[in-house]
Amino acid sequence: MATLSLTGVRKSFGATEVIHGVDIDVAEGEFIVIVGPSGCGKSTLLRMVAGLETVSSGEIAINGARVNEREPMDRNIAMVFQNYALYPHMSVFDNMAYGLKIARRPKAEIAERVTEAARLLQLEPFLKRKPRELSGGQRQRVAMGRAIVRQPDVFLFDEPLSNLDAKLRVQMRLEIKALQRKLGVTSLYVTHDQVEAMTLADRMIVMNEGHAEQIGAPLDVYERPATVFAAQFIGSPSMNILPGEGAGDAVVLGNGARVPVAQRAEGKVLLGVRPEHLVLDPEGAIALETGTSEPIGALTLVHGRLEGSTLDCVASLPGVHRESGLPAIQRFSVPPGLAHVFDAGNGRRLAG
Amino acid sequence: MQKRVTFKGWLLPLLLVAPQVVVTAVFFFYPAGQAVWQSLFIPDPFGLSAQFVGLGNFEFLLTDPYYRASFVTTGVFSGLVTIVSMGVALVLAVMADRLIRGSGTYRTLLIWPYAVAPAVAGVLWLFMFNTRVGVVSWYLGQLGYDWNHVLNPTEAMGLVVVASSWGRISYNFLFFLAGLQAIPRSVIEAAAIDGARFWTRFRTIVFPLLSPTTFFLLVVNIVYAFFETFGVIHTITAGGPQQATTILVYKVFADGFVGQDLGSSAAQSVILLVVVGLLTIAQFKFIERRVHY
């Protein structure tokens, strides 16, 4: 159990700065997910916390003590790698016991801790096997087991589920969450999958091009995205962004449609509407030329274009709506509290 | 799915394998067969007649103290060449693997000696250590050490070992480096996080994962030391002093072409053939279990 804090953490490779200052204080036992597209610097940030990359400037502290200069092994962290990084020539037991053996713990204690971890992860029948004799999900569990036997202060996860198939991923996601709750170890988890981020995180860091766009609880980020990037990255299908002109309590779109909003909108703005917040309304302000519709059972994704423009727009409607059942022009409205207004210049959410 | 070719007749496939078969037959099966045949005879010094002696040549060899000594010499020589060339190559490869900048240049320069033929390498080292004009032996003399590999068997052995290992280091280095780079970085990082420092990581992770490469090189280097070092030995010591560097393959040459004892020479090459065969079997066994983890 430990706190972790990053203060103004920056990273440069040569002259190129890839992380432009990240600040966060992680409470004891908190589960933080760093989410962002490939190349946004999320893995680099994690590796800096692990000590596998140097910190160009700023400070990383675990339990209040600066660890920038410490070797990975002296930070009391454990890491789960994307490709699991199991030792291929060792049995499952030896893989998990490796760190304890190096720390020269008594044999009895090693056996006890490894058995305990194996029990927790349902790995007991496989302790004698080599990693190559295990399935993807089992290897993943061994990697987790190797992390927990050492009873670290901080868990670091580097896209641990991305090599698993979709079904297993959902299952392991739940297991990771349950395990983290049970052990109460402070965790930092990197992923590009926004669903993983939403479901696992106590708080998440949305990263883009080396900047932390927003740090907050998943639902806060979903309900009040701080930037256009965060708004579009979190949520699936992603938020519709429509450029317009602010008119106080409404946004006037390019085609003249006037969409009422709860924020104060002035000047050039971007109107953000989540597909699930577009509701069928014959009197609605937003008119779409309907195109393809994708019924996926519980709901239907209706793709269309804002009338009189080339802007693509998606609506997610409950129930089944076949293409043939939709009029050529379908009108939608947005409840004012659910529309988001961003500054067209810097992409930041407008106050109010 | 691999596309397989089916030949209709038998002439074309025969022609396609013919070059290999003919070359092998002319340069290997025929002389090997001749050697086996000759090893059963003792020819007269003028090559006009030969007396059948059965296994007499072998019997004589196996009781000959010089031949037995040559076996020991070969063991010592090939053991040392293998250890030196693999050990140095491994150290260099580990260092090159850690290098981020300039590793290309470093690698290229380390591979150069491999391009030097054994006999040329032998002459190079001979010049450096020549007792009268050699650069190294002169400096050793300045330091008060009287280098003379022409008289001192240990020094002679040392010199041929170093000269034989030198070019070989490049070859081994290449394989070791490739082996090191095939180890996933994250496995090393995981070990580092688990608390293993450099030497522990090397001992418990890197070296075991490198073992298929090591096994392969071990066999290949032993075979090299057995046979391909002929040129080095011939140019530097010619098997001397007092046969201290006469390895088996050199003795085949010395007894047959210098001593003109063709029967014994043929018997020795038959014995070598058997040794080669055993080594090759060992080599194939290790290559088969290349992926041993």
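Me: How many residues does the largest nonpolar core have?

Reply: In this predicted model, the residues with the most contacts inside the largest nonpolar core include Ile32(A), Val33(A), Ile34(A) and Leu271(A). Strand S12 of chain A, residues 258-273, gives the most to this core, with seven residues. The number of residues in the core is 113.

Me: Why does this core lie between two domains of chain A, and which domains are they?

Reply: A core that takes residues from two domains lies between them, and here both domains give residues. The core therefore lies between domain 1 (4-232) and domain 2 (240-343) of chain A.

Me: How many residues does the second, separate core have?

Reply: This core includes Trp166(B), Phe176(B), Phe226(B) and Tyr250(B). Its number of residues is 34.

Me: Which residue follows helix H1 of chain A?

Reply: Helix H1 of chain A covers residues 42-50, and its buried residues include Leu45(A), Leu46(A) and Val49(A). The residue that comes after H1(A) has a positive phi, near 95 degrees. That residue is Gly51(A).

Me: Which element gives the largest share of the side of chain B that touches chain A?

Reply: The contact takes 15 residues from chain B and 17 residues from chain A. On the side of chain B, the elements that give two or more residues are helix H8 (185-193) and helix H9 (198-228). By class, this side has 10 nonpolar, three polar and two charged residues. The largest share, six residues, comes from H8(B).

Definitions and conventions:
Residues are numbered from 1 along each chain as its sequence is written. Chains are lettered from A and ligands numbered from 1 in the order in which they are written. This is a predicted model: local features need pLDDT of at least 70, side-chain atom pairs count only at pLDDT 80 or more; totals for chains, interfaces and linings use all residues. A nonpolar core is a set of buried Ala, Val, Leu, Ile, Met, Phe, Trp, Tyr and Cys residues joined through C-beta atoms within 7 Å. A residue is buried if 20 or more other C-beta atoms lie within 10 Å of its own, exposed if 12 or fewer, and partly exposed in between; C-beta atoms are placed from the backbone. Helices (H or I, at least four residues) and strands (E, at least two) are DSSP runs, numbered from the N terminus. Domain bounds come from an automatic or database domain assignment. Two residues are in contact if their C-beta atoms, placed from the backbone, lie within 7 Å. Ala, Val, Leu, Ile, Met, Phe, Trp, Tyr, Cys and Pro count as nonpolar, Asp, Glu, Lys and Arg as charged, and the others, Gly among them, as polar.
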